[in-house]
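Hi,

Here is the structure I promised to pass on. Please open it and follow along with the notes below.

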Amino acid sequence: MNNSALRDKAFELISRINKTTYSTSAAQLKSLQAEVFEFVRVPRNTQSITVLELRILKQFLRRRPPQQPISAAQQLARQLEAQANRGPNRPHRPAHPRPGPADKRDAQSKPLTPEPRQQTKARPPAPNGVRTVDSPSNAPSPKQFEPTDPDYSNRRSNSIPTPNQLAKLAKLAKKPRTEPRPPTTSDRPESNRQTDLTSQIQESDHGNYRTILRFTPKEAGKLRQIISNWLDEKSIPLPFGTTQAHQDTANKLFAETIKTERITARFDELRIVENTEGYFSTRIILATSPTDCYLEVDIVSPDGIFAQPPRFIRGIANFGSVDGAPNGWHAGPVEIDVEELSSLVDYVNSPKRSLPVFVIGTTFDPTLQRTINDAKRQWAKFLPGNAVLAVLTPAATRMAADAFGNALAPSPWAIRTYVPGLDKDAPFEGRRHRILGQARLLEDNPTHTASRLGRISKRERALATAPEQLRQAHKALAEARNRILVKGEFYLDRIRSESQRIKAVAPVTSTEAVQVLNDEEIQNASLLKQLIDANMLTDDLTIKLAEAYEARQSTDVEARLNELTERLAVTTNERDSKAEDNRVLYSLIDELEDDLEKLSQQNSLLAVAARTSNTGTSDEEAYSEVTALNDLLDEIDSFNNLVDAFPDFEEFGISLTCNPKEVAQLDDIDTNGRAIAQTLRALRTLIDYLRAKRDEQFEGSMHSYLTNAPNGYFKVSQKMHASRESESTMTQYGHLRQLPVPQSISQNGYAEMQAHFKLEKIGIKSPRLHYFDASAISQRVVVGYIGPHLQTDGTN
């Protein structure tokens with residue numbers, strides 16, 4: 001079959017999957033799973049469909065047959081039977097070691113709402129070796145946090161909604177949550193809990209906006225006029241392209257313009273400082289030469305205020321080029337049809353591209369089309385000059401899968417981020433180019449999505465280097481400013497005011513002029529007129545001559561300033577060069593880590609095969625477990641996807657009791673994908689740690705495992721792990737490490753989790769994964785927290 005027929009076959013299978021319900025018999029479900037398995041086992045079939053379609057098919061293969069609900073009488077009978085089976089001295093153990101539908105049905109009897117947990121002190125270890133902590137008398141048990149719906153587990157792990165179903169679910173998601181959930185760090189009283197993650201994200205680049213646009217030299221005059229008109233709108237009486245200064249009467253605004261020339265190049269600068277709810281500073285530089293024309297705009301806003309591009313940027317971006325993209329692409333959302341798709345592919349694949357590209361795929365869905373059209377303008381609010389927001393037509397979306405490949409193709413009704421340095425042949429490349437899913441787009445406020453895209457674009461812009469002509473402009477303008485500092489005032493303003501003062505105090509008549517000037521001075525004045533080709537020495541011409549005389553370089557102070565300026569330019573160039581080197585090194589580290597992970601996966605499979613060969617037994621279960629784990633982790637490329645996969649980790653012995661909202665919001669700060677990659681490596685390490693103990697290949701703690709892991713079992717660097725917190729941290733902030741665990745591990749539902757993995761360095765927000773090792777009790781590990789660094793002395 002050709003590619004079109006294979007896509008139609010995949011669409012047919014997905015349609016049949018969507019029609020299955022929880023009343024579908026196990027035989028019908030097994031028959032359909034057999035058809036799906038026959039389809040996905042052929043490599044050519046999987047290469048001809050999109051990543052989203054392949055993910056849906058793989059998820060359906062893991063779907064389990066539905067379990068029939070039981071009546072209240074049957075449920076009571078089960079509880080009485082379990083109670084009768086326990087002897088008087090036999091400790092209580094739950095009927096199901098792992099949470100399942102039966103546990104969730106038992107929770108229906110007490111659907112209580114959890115109360116916030118207060119700060120308490122830890123008590124001595126329990127006799128069974130589990131370190132637990134006291135909690136208030138009204139602290140709910142884990143059963144009280146279980147969903148009251150008996151089919152909740154099946155729906156969460158097995159359902160595969162279509163795009164239309166996701167749109168309907170997004171509307172329902174806005175309703176208040178009715179299901180109880182486990183307590184997390186956000187459930188504590190206001191004095192003891194962390195503030196919302198969104199309010200914590202105050203990275204240094206949020207208040208900065210910077211862009212560089214390229215034009216033809218003949219458009220320089222038009223640009224000066226546009227900026228001058230913008231100044232008029234702001235009631236600033238300064239023409240852009242002169243050397244003047246202005247300060248308003250209320251001392252709320254100061255502006256200055258500087259013009260300087262160097263051989264054949266001209267450099268103009270505008271600086272504005274405004275005091276409105278904090279200090280806003282704006283700097284605009286126009287560098288013009290016979291061959292190029294660059295405009296740089298740099299805006300800094302106060303803390304907590306997201307810097308926005310000025311009003312004139314959208315207008316000039318329509319006829320200027322940014323980052324080598326076609327004219328107008330950086331002005332706002334651009335619709336890409338089949339004819340323009342090749343231009344988009346060339347720009348995305350360009351090795352010279354230094355800014356991100358956000359691509360939205362579409363299908364023939366009028367409802368979603370209207371939703372996207374209404375929101376795309378708001379999403380691009382902070383992007384002009386810094387990123388492209390491209391909306392593909394349905395036909396272009398279908399063709400994009402062939403142009404980018406299945407792993408990197410844009411998904412329908414989702415935003416795919418293409419960061420610079422796209423390499424389609426690199427392993428795990430899809431993790432670098434993240435996807436913001438349809439459900440998240442429909443659920444989140446458009447302003448929140450706009451801020452997220454703006455942060456990504458600003459961070460990539462900060463890594464981009466300025467062209468050489470702009471670096472020369474910075475140097476020349478700094479020298480011009482040095483001259484202004486040496487003179488003490490702006491030349492033209494001072495000379496004009498001094499000229500008016502002299503005329504007002506001592507006006508010179510023609511008779512006095514003849515008496516003051518001797519014959520030689522009169523001849524020199526006539527010679528000066530001829531040299532400068534002037535018919536008459538007017539006031540303006542005299543002032544310009546005085547300005548040129550004042551601007552001469554003659555003092556030692558000015559020479560020293562120019563020397564410092566030269567050293568600053570050299571240091572800036574060295575810094576930019578080292579920043580580029582760091583970027584290359586980080587890219588190499590990512591590639592090496594991906595290669596290491598791939599080799600570790602292969603080593604795990606080879607180790608299983610070697611053990612079966614030595615013992616002469618079949619270890620098909622262990623082999624399938626390793627393969628299933630590889631498939632699960634390969635499908636997760638964001639923290640949002642990790643939240644959706646929480647139930648899938650239960651079968652590997654990992655219980656994730658952390659707050660899903662805190663985990664999903666890590667996507668806001670993990671723009672390069674390194675944190676989610678490190679999180680998956682930490683989870684793989686925990687899973688293989690349990691597997692090594694279960695296979696009787698290792699005994700000991702996690703620290704010992706990371707020091708000397710057996711062959712065929714994955715581990716991360718020992719530097720990435722910390723077994724405990726400092727004594728001062730536990731004294732002041734130990735209550736933040738009291739995190740929820742299943743009642744089978746701790747009767748009060750909490751345990752102290754000092755051990756953690758360091759996921760990535762992102763300032764004081766550097767994410768952490770805290771866990772509790774219950775392998776000695778129930779062959780499980782509980783992950784109680786994945787989120788920004790919990791409070792310590794260093795993060796306070």
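First, a term: contact means heavy atoms within 4.5 Å. Helices (H or I, at least four residues) and strands (E, at least two) are DSSP runs, numbered from the N terminus. Axes are lines fitted to C-alpha atoms, for helices over the stretch in contact, and angles run from 0 to 180 degrees between N-to-C directions.

This is a predicted model: local features need pLDDT of at least 70, side-chain atom pairs count only at pLDDT 80 or more, and totals for chains, interfaces and linings use all residues. Residues are numbered from 1 along each chain as its sequence is written, and side-chain values use heavy atoms, with hydrogens and water left out.

**The sheet**

Six strands form an open sheet with antiparallel pairing, in the order β1-β6-β5-β4-β3-β2. Two strands pair if DSSP finds at least two bridges between them. Strands β3 (residues 253-262) and β4 (residues 265-275) run antiparallel, joined by 10 bridges. Opposite Thr-257 stands Leu-270 in β4.

Helix α11 (residues 220-233) lies across β1, β4, β5 (279-288) and β6 (293-300). It runs at about 160 degrees to β5.

**A helix pair**

The axes of α13 (residues 338-349) and α15 (residues 394-404) come within 10 Å. They cross at roughly 35 degrees. From α13, Val-338, Leu-341, Val-345 and Val-348 meet residues of α15, including Met-399 and Phe-404.

Best wishes
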